[in-house]
Amino acid sequence: MLFNSIVFITFMAIVMPVFYLLKDRQHKKWWILFASYFFYGYWDWRFLGLLIFSSVMDFYLGKAIFSANENRIKKNWLIFSLIANLTILGVFKYYNFFVGSFQEMFSVNLDFLHLNVILPVGISFYTFQSLSYTFDVYRGRMKPEGNLLDYILFVAFFPQLVAGPIERAIDLLPQVKMLKNPGRSGVWDGFLLISLGMFKKVLIGDTIAKYVDHVFTDANYYSSPELLAALLMFAIQIYADFSGYSNIARGCAKLMGVDLVINFRQPYLSHNITDFWRRWHISLSSWLKEYLYIWGLGGNKRSKIRTYVNLLLTMLIGGFWHGANYTFIIWGGIHGLALAVHKWFCELTGNPRVTHGHYLAKMLGGVVTFIVVLFAWLFFRAPDLTTATYFLESFIHWKGSDLAMDLFFITFSYYIVSFFFDFVEHRYGELFMRNLNIVYQLAILMPVWIVIVMYLFSIGKPMPFIYFQF
Amino acid sequence: MIGTLITVIALFVLDQYLKFTRITPPILKYYHDEYGALNVPNIKYLKFKEGLFLGQTNYDGRFREHYPKRKIDSSTFRIVLVGDSFVEGIDVYSRHHFATHMEDIMSKKLGNKVEVLNFGRGNCTLQSSSYYYLNYIKKEYDADLVLFFVEARDLSQISDYPSTSFVFSDSLGDIVASKSWMETLDFKLVKTLKDMGALYYLNNSGLFRLAYRTKSGIGMYGFFPKVFGKFFPQPAVQTYDRFEVNLEMSKTAGRIFDTLSKESGPRVLFILRNFPLESSVLQRYMDSVDYDYIDLKDTLDYKYVRNTTDDAYFFKATGLYGGHWNHLGHKAIGYFLSNRLSNSISRREQTH
């Protein structure tokens, strides 16, 4: 089920009143668990079993890790959890990619080995979420969850099940255990977040996607300014799409008294690439930093060269997490290289603080960072390397288009709106909304919702979230 | 009071946002007193459906070119295209339209400038496009050759397009003009709004355009299927599987073909299309009365470009079949018609 659909509004209109009317906390949990499985199963009920199996497996593995007497046995259980989770992920997401790559590399026919599988929605997200639980139990950061219902609800919690934020068990589990009615301010905050998210997803992300999808799919029919416009628009699309989704997820969770992590903090205003990764998809970048970069690879505790290699490796794996395609690996590699270069530069200039510097230097840094990020987005979005190469060749051998001015105008309009929303949301949103009478807030929100609903009725199928494919 | 003002401001801001980002493109049609629904001239238009189009209509509501009504240079060879949304072709950019391919190829082959004017209009049938051609295009425009695109659905007796159409009158034994579109609720509403002086503002309002599209969307996709999703029967999706239909030649269509072929003026050539319905009725009729025609079956084998696996109708980006030619389809049609017509024109010139 997609957040940006009329049927989701119907879903919430049924789920939330029942949640509020139920008095017993256990009943609330069972109801939300049922709603979560319904939400997931609406997409494809056949993969519910996989979700339930994965959740139950990690619940018992967490107990096994904790109750093991020797470190060696603890480690073995941890490795078992890692292998089991990554095998499930690998089979559905990466198996065909490796078979195909092997075929190409060695020119052998291995078509018979290809599996006819659909990628289960959200598998990358709930796998990482489950792994964070077993990792934290192993590291002694938390005790294993004793209640199966609480644990499977933590994994299946519908606001963040299919596209994050990737929540740590240590943060989300205690909240899920205490599911409650949030009170009037919590409900209102939730509604505001959902409204903001819906506007960003439906009226920015989805509308801009129509142009972007056409151009990236049939790139060879478009000229240089049209391709550049599509790339610039994609930068807005992915931000509006994903941050909008995260807003809706946080809003839905807030309606149940749960606080999810903030996933974005004005990433396009970053002064450098390190800053960017503290503002973009924060739940994933912090997961990768803590569990892979620091704990797994040693972080910056070893030699300088090793630190740069660790950064590159972390981002390559981060890229690969997004999808089984060389374009995602290249995307991760570009970011890894940029992070390494930035780290080296900071060490060279003796400037260890990420955001320190004269405002002109920050501005220049911001522009350079945006260009690097935009360049990387090309590989992220392009369906294959051929398309990405075509884009780059078109930028080098520039050919004009009589549609350039029109496209510039449309692109500029979207940028203005997106930056305005971003600014309002992160700098003055809360202040504004807290001080504004609720009647006036409704006076703004009602027309927005009317337009959103009208738009959703005017289209055929709603656009899926970009991160659903991961 | 302040709440109402805030709502009005919010609506205004949303209205402008919808307009500037082209989320709601302008309403393309207006009602002409004589001809009914025509394209609005001089508007920028953005269309996302199965394909993508960005462009502008000219002084006379046509896309793609700004040729004047009369030829500037008498040596220019001018082709006029008449038809429906297939001909209008606003699912691809103008430079990918088959008319552009025709101009490029035929100019080179014939050695002189070729202009192709596109009078295709979405949802238009033979009954309405022929009326428009005979009463307007033919009188106002220079043309050396007219390509009339027709398909099996044009044999239907009734045209539901809100445009002045030919219908067959049994009492008169001939085709007569019908302005039944003037009786429709849509026209009456538009006329009332126009008389009130509100139509201009509404047409330029992003919110009104969105409301218009919402109405169309509900009509197309349903209200309850959207609200209840999979738990409510969803509207059937048209599948473009090949099947032959048995149709009969209608009196109206027969009389129209007759009039178009025999009227003095530029040569009229019928272009037969066999998608989405395949029917040999048109081809058999054309053969029986010896009208000039070109059958697109010679280049398109139903959905595919002949001798290839290239689908001429499928749009990869949206995964949709809207029933219109994609880039490959336009290229195939453009190349095919250019070669056929260039050869035919060269032969005629040699004969003369």
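Helices here are DSSP runs of H or I with at least four residues, numbered from the N terminus. With that in hand, Phe102(A) sits in helix α4 (residues 71–106) of chain A. Phe102(A) is exposed because it has 12 other C-beta atoms within 10 Å; the cut-offs are 12 or fewer for exposed, 20 or more for buried and partly exposed in between, with C-beta atoms placed from the backbone. Leu313(A) lies 211 residues away from Phe102(A) in sequence and 22 Å away in space, C-alpha to C-alpha.

A word on the model: it is predicted, with local features needing pLDDT of at least 70 and side-chain atom pairs counting only at pLDDT 80 or more, while totals for chains, interfaces and linings use all residues. Residues are numbered from 1 along each chain as its sequence is written, and chains are lettered from A and ligands numbered from 1 in the order in which they are written.

Now the inside. A nonpolar core means buried Ala, Val, Leu, Ile, Met, Phe, Trp, Tyr and Cys residues joined through C-beta atoms within 7 Å. The largest one has 138 residues, and Phe154(A), Ala156(A), Val212(A), Ala230(A) and Met233(A) touch the most other members. Its top contributor is helix α10 (residues 224–254) of chain A, with 19 residues. A second, separate core has 52 residues, including Val116(B) and Leu260(B).

Contact means C-beta atoms, placed from the backbone, within 7 Å. Beyond its neighbours within four places in sequence, Val212(A) contacts Ala230(A), Met233(A), Phe234(A) and Gln237(A).

Next, a helix pair. The axes of α6 (residues 148–156) and α8 (residues 169–177), both of chain A, come within 9 Å and cross at roughly 120°; axes are lines fitted to C-alpha atoms over the stretch in contact, with angles from 0 to 180 degrees between N-to-C directions. That angle is why α6(A) counts as oblique to α8(A), the label for whatever is left after under 35 degrees (roughly parallel), over 145 (roughly antiparallel) and 65 to 115 (roughly perpendicular). Asp150(A), Leu153(A) and Phe154(A) are the α6(A) residues that meet α8(A).

Finally, the two chains touch through 33 residues from chain A and 32 residues from chain B. On the chain A side, α18(A) gives the most, with twelve residues.

Note on methods. Helices (H or I, at least four residues) and strands (E, at least two) are DSSP runs, numbered from the N terminus.
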